[in-house]
Amino acid sequence: MKTYKSLLFAAALLLPVDAFGQAPFSSGSDTSDGALSFITPGTYNFDPTALGLNKSGDNIFNFTTINIGTGVTLNLQNSYLRGKPVIWLATGNVSIAGTLVLDGAGGQNLSAYGADWISQRYPTQPGPGGYPGGVGSRPGTAASPGLGPGGAPAQASPNCAYGGGGAFSSVGTSAPPGLIYGNIQLTPLIGGSGGSGGCFPVGDTATDAAGGTGGAGGGAIRIVSTTQISLTGRISSAGGGGGYGRSGGAYGGGGSGGAINLIAPIITGAGTIYTGGGGAGGPGGAGYTLFNATTNTFTGSDSYGTVTFRPLIAPPLPAPTTVPVVTVVSVNGVSVPQPPLGAFVTPDVTINAATAVTIAISAVGVPVGTVVTLSIQSELAADQTISCAPLAGTLAASTATCSASFPTSVSRILASASW
């Protein structure tokens with residue numbers, strides 16, 4: 001903040017203030033990412049790498065203005081956004097006349113696939129800052145829980161049926177659901193949690209029997225403007241729906257909705273917010289929507305909840321290390337591309353090893369000593385749960401190794417950590 005010396009009589013220091021005696025509000029943007037503008041109707045991915053934005057990788061974007069035009073759908077996908085919540089800062093006006101999508105993915109309908117059904121059985125991708133849903137059970141393998149603070153626990157036989165719904169601002173349904181977490185201040189800024197996988201009927205001996213996959217949680221976004229935000233379009237951070245199983249397998253549970261926070265001196269418009277949980281098995285709970293403004297003339301609504309209004313505040317900007325990230329770096333010495341695609345047709349890594357191989361892990365913002373867990377789903381073998389060596393290093397940068405055997409065919413790895 002600049003200071004000015006008085007030239008009249010006394011050498012007092014005068015600070016610039018507004019009419020109410022408050023320092024002028026600032027989004028905190030340093031404008032290094034320029035203007036964000038998508039105005040030609042169509043569907044686009046917000047890919048920071050391709051757009052040359054946010055070289056630091058902390059997902060705090062420093063814009064001058066933001067303009068999402070009518071007829072534009074801008075997808076903010078977890079894989080492009082490093083698994084972290086999204087923070088858009090702007091020194092000028094923000095106009096959202098199109099649609100921003102931070103939805104968690106829904107589980108696939110496994111019964112719709114033939115012999116290739118196993119390639120669709122994998123944890124669902126959340127919105128940025130959200131958490132995946134768990135996979136359903138199959139012969140010899142129990143159902144997986146949804147991930148995240150409100151992830152639905154996996155049900156155990158013989159009572160396992162529909163997957164439970166993930167929770168956030170409200171609880172999901174079906175037994176057992178996830179637990180409510182978070183707060184309306186959205187500090188820390190995190191997204192929704194995943195639903196758990198479903199089960200196949202007790203006594204079903206079909207080799208292709210499987211429960212459905214749980215839906216993923218919606219993402220988290222904070223948009224801050226020094227001047228004003230106009231929302232005449234739509235921002236969606238919904239939880240994904242639970243997928244249907246195979247050979248009578250029950251649906252997975254739905255993921256919970258995510259978190260949306262708009263901060264500006266003026267918020268206006270008649271657009272819509274959507275933070276509902278996914279349906280199918282046990283529906284997921286709703287997310288959070290918070291507007292911080294001095295002048296609020298917004299007349300729109302949250303389709304699955306209440307928009308909470310609070311006074312204008314300086315935006316809480318997390319340090320990069322406050323958002324935990326766990327990454328699989330290499331398998332058997334072969335580097336994993338970042339972000340990995342996780343596709344069956346074009347695997348990220350190809351190895352040729354009949355025995356156990358080393359998997360290298362890195363982490364940011366995860367306490368040293370934490371044990372990372374790997375969930376491995378394979379095309380032709382039972383699921384595996386592997387515990388790595390405790391993380392070593394610092395909170396800002398730590399590493400660990402794991403050892404696992406991979407059957408011939410394709411496998412997917414999901415890394416997670418709890419502390």
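Start by selecting Val 325 and Val 364: Val 325 stands opposite Val 364 in β23. You are looking at a predicted model, in which local features need pLDDT of at least 70, side-chain atom pairs count only at pLDDT 80 or more, and totals for chains, interfaces and linings use all residues. Residues are numbered from 1 along each chain as its sequence is written, and side-chain values use heavy atoms, leaving out hydrogens and water.

Now widen the selection to 325–331 and 357–364. These are β21 and β23, paired in the antiparallel sense over six bridges. Strands here are DSSP runs of E with at least two residues, helices are runs of H or I with at least four, and both are numbered from the N terminus; two strands pair if DSSP finds at least two bridges between them.

Next, show the whole sheet. It is open, with five antiparallel strands in the order β22-β21-β23-β27-β26. The edges are β22 (334–335) and β26 (392–393); each has a single partner strand, so one side of each is left without a neighbour in the sheet.

Then move to the loop between β10 (99–101) and β11 (220–225), where you will find Pro 188. A cis peptide bond, with omega about 0°, joins Thr 187 to Pro 188. Leu 186, in the loop between β10 and β11, has a positive phi of about 55° although it is not a glycine. Most residues other than glycine have a negative phi, and most peptide bonds are trans.

Is Leu 186 buried or exposed? At 3% relative accessibility, Leu 186 is buried (buried is under 20% relative accessible area, exposed over 50%, partly exposed in between, with a 1.4 Å probe and protein chains only).

Last stop: Asn 59, in the loop between α1 (48–51) and β5 (60–63). Asn 59 has a positive phi of about 65° and is buried, at 0% relative accessibility.
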